[in-house]
Amino acid sequence: DGGSARNPGALQRDVAPSQSLYQRLSQRMLDISGDRGVLKDVIREGTGELVTPDASVLVKYSGYLEHMDKPFDSNCFRKTPRLMKLGEDITLWGMELGLLSMRRGELARFLFKPTYAYGTLGCPPLIPPNTTVLFEIELLDFLDSAESDKFCALSVDQQDQFPLEKVLKVAATEREFGNYLFRQNRFYDAKMRYKRALVLLHRRSAPSEEQHLVETAKLLVLLNLSFVYLKLERPAMALRYGEQALIIDQKNAKALFRCGQACLLMTEYLKARDFLVRAQKEQPFNHDINNELKKLASYYRDYVDKEKEMCHRMFAPCDSGPAAGEN
């Protein structure tokens with residue numbers, strides 16, 4: 001019954017007095033460590049390949065202790081998605097073994113014995129020493145970043161030996177990884193991934209009949225770079241990448257919108273208006289574009305008013321009188 005994993009305490013009604021909840025659960029769980037230190041029960045099957053070593057995984061998880069009917073309120077136990085890299089960000093040996101047994105979309109629960117969890121010390125004050133824990137993990141997605149890292153470490157000549165399909169796949173992985181980092185507000189790290197993707201695509205020459213594949217991939221990365229530079233408060237760079245995107249697709253509404261935003265931040269109001277009006281022409285009912293035009297109108301009115309006030313002060317007649325003469 002998959003629903004019971006959402007509330008392990010609900011199973012206690014069926015537990016024999018001589019058995020703990022975890023003892024009952026363990027009887028029908030699969031041993032994936034070979035010594036019954038990590039036990040697994042699949043609640044919902046996943047699809048595709050198993051998680052690869054050194055992959056980056058996007059997961060939701062929660063943890064329970066024996067005799068508890070709700071998750072601990074701790075940073076160790078999260079219901080919101082989190083991106084983690086195997087071998088680096090995961091501190092529980094049992095969790096890493098568990099993830100390596102999972103596929104995309106899979107939901108499973110695991111029992112981790114102390115050796116595979118928090119050991120003899122526990123995690124005070126939440127987790128006592130020598131505690132067996134129950135984790136429920138949902139694997140939303142994973143990226144084989146190790147494959148991408150190895151490819152990016154090759155020389156240009158070595159990369160050119162691979163077919164275009166491989167280059168496009170690695171560039172797409174880098175961009176997707178950047179998107180995950182962006183959603184975590186890790187904008188600098190996202191920027192680095194986008195740039196790696198762009199370098200790969202710039203290096204690669206393709207036959208004319210396949211060049212459109214490279215250009216399409218470049219356009220997505222350039223749009224991402226323009227957006228992330230806006231988040232990093234570097235509008236000049238955002239404009240630069242937005243204009244590169246427009247070279248590929250001069251009517252791309254997102255590129256026009258990003259360029260307009262960048263110009264607005266740089267107080268280049270006429271250029272901002274040109275970009276935003278062109279974007280509005282492509283997508284007349286886009287709320288973001290229309291709201292940005294309203295913001296531009298408001299900023300421009302304030303700018304004109306300040307210019308008028310400054311000109312008035314500059315050209316106002318000087319006061320006459322003794323004080324003026326002394327000055």
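Let me begin with strand β8, which is mostly covered: ten of its eleven residues are buried. Buried here means under 20% relative accessible area, exposed means over 50%, and partly exposed is in between, with a 1.4 Å probe and protein chains only. This is a predicted model, where local features need pLDDT of at least 70 and side-chain atom pairs count only at pLDDT 80 or more, while totals for chains, interfaces and linings use all residues. Residues are numbered from 1 along each chain as its sequence is written, and side-chain values use heavy atoms, with hydrogens and water left out.

Now the overall count. The protein has twelve helices and eight strands. Helices (H or I, at least four residues) and strands (E, at least two) are DSSP runs, numbered from the N terminus. Of the 327 residues, 44% count as buried. Contact means heavy atoms within 4.5 Å. Among contacts between residues at least 6 apart in sequence, 65% join residues at least 24 apart.

Next, the sheet around β8. What is the order of the six strands in the open sheet? The order is β1-β2-β7-β8-β4-β5, with antiparallel pairing. Two strands pair if DSSP finds at least two bridges between them. At the edges are β1 (30–31) and β5 (82–85), each pairing on one side only. Helix α2 (residues 93–100) packs on this sheet and touches β2 (38–44), β4, β5, β7 (107–112) and β8. The direction of α2 makes about 50° with that of β8; axes are lines fitted to C-alpha atoms, for helices over the stretch in contact, and angles run from 0 to 180 degrees between N-to-C directions.

β8 covers residues 133–143, and ten bridges join it to β4, residues 56–65, in the antiparallel sense. Serine 62 has glutamate 136 of β8 as its bridge partner, and serine 56 has leucine 143. β7 and β8 also run antiparallel, joined by six bridges. Phenylalanine 110 stands opposite phenylalanine 135 in β8.

That brings us to the rings. A pair of aromatic rings is described by the distance of the centres and the angle of the planes. Rings of Phe, Tyr and Trp (its six-membered ring) pair if their centres lie within 6.5 Å; planes under 30 degrees apart count as stacked, over 60 as edge-to-face and the rest as tilted. There are eight aromatic pairs in the structure. One of them is phenylalanine 182 with phenylalanine 187, edge-to-face, at 5.0 Å centre to centre and 65° between the planes. Both phenylalanine 182 and phenylalanine 187 are buried. Ring pairs also link Tyr61, Phe110, Phe112 and Phe135 into a cluster.

Charges over rings come next. The rule is NZ of Lys or CZ of Arg within 6 Å of the ring centre and within 35 degrees of the ring normal. Arginine 104 lies over the face of phenylalanine 142, 4.0 Å from the ring centre. Arginine 240 lies over the face of tyrosine 241, at 5.4 Å.

Last, two helices. Buried or exposed: which is glutamate 174? Glutamate 174 is buried, with a relative accessible area of 1%. This residue is in helix α5 (residues 164–183). Leaving aside neighbours within four places in sequence, glutamate 174 is in contact with Ser148, Asp149, Cys152, Arg193, Arg196 and Ala197.

In helix α8 (residues 235–248), the buried residues include Pro235, Tyr241 and Leu246. Among the elements covering the buried residues of α8 are α6 (187–203) and α7 (211–231).

How values were computed:
The expected span of a helix is 1.5 Å times one less than its number of residues.
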